[in-house]
Amino acid sequence: SHFLAEVIGSLRLFVHLRADSYQGNTSKASSVLQQAIHSEPWKSKPRCELASLCASTGEVGTAQGLLQKLLDRSIITEMESMHHALRLSAIAHITTGATSSSLKDEAEAHRSAQRAIKFAPWDTRNWLCLAYVENLL
């Protein structure tokens with residue numbers, strides 16, 4: 001019963017986000033995600049979704065902050081969320097590195113992509129992320 005309620009809640013959040021994103025209403029999607037983070041801070045999925053939304057709208061620094069807080073605190077309990085967060089972190093860092101020519105950001109992007117592969121070598125998205133990062137280095 002609790003599991004079913006959690007799945008339904010996540011599904012509602014997903015539907016709201018996709019509808020808002022498709023309509024170009026990123027501020028509403030961001031607001032919904034922030035509410036989800038504040039109401040259930042132990043869940044990593046809303047934080048990863050907000051970081052992805054921020055990165056897609058050019059707020060790379062905000063995305064990095066969200067992901068770094070998540071990874072530093074080690075509050076991720078699901079393996080899927082861990083390598084997803086690492087992939088997003090790699091993309092955020094390489095994006096910052098590409099615009100500022102920062103070797104630190106480039107090194108962090110490469111390290112995050114490699115860590116994502118260590119956590120889930122079977123996930124092709126992790127390998128694609130590493131290839132993307134290495135292509136931009």
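Which residues in helix 6 are buried? Before getting to that, a word on the model. It is a predicted one, in which local features need pLDDT of at least 70 and side-chain atom pairs count only at pLDDT 80 or more, while totals for chains, interfaces and linings use all residues. Residues are numbered from 1 along each chain as its sequence is written, and side-chain values use heavy atoms, with hydrogens and water left out.

The chain turns out to have seven helices and zero strands, with helices (H or I, at least four residues) and strands (E, at least two) taken as DSSP runs numbered from the N terminus. Of its 137 residues, 41% count as buried, that is, under 20% relative accessible area with a 1.4 Å probe, protein chains only.

Now for helix 6, which covers residues 103-119. Its 17 residues reach 24 Å from first C-alpha to last, close to the 24 Å expected at 1.5 Å a residue (1.5 Å times one less than the number of residues). Buried here are Asp105, Glu106, Glu108, Ala109, His110, Ser112, Ala113, Ala116 and Ile117.

Helix 6 packs against helix 7 (residues 124-136) at an angle of about 160°, with the axes 8 Å apart; axes are lines fitted to C-alpha atoms over the stretch in contact, and angles run from 0 to 180 degrees between N-to-C directions. That makes the two helices roughly antiparallel, the term for angles over 145 degrees. On the helix 6 side, Ala109, His110, Ala113, Gln114, Ala116 and Ile117 meet Asn126, Trp127, Cys129, Leu130, Val133 and Glu134 of helix 7, contact being heavy atoms within 4.5 Å.

Methods. Buried means under 20% relative accessible area, exposed over 50%, partly exposed in between (1.4 Å probe, protein chains only). Angles under 35 degrees count as roughly parallel, over 145 as roughly antiparallel, 65 to 115 as roughly perpendicular and the rest as oblique.
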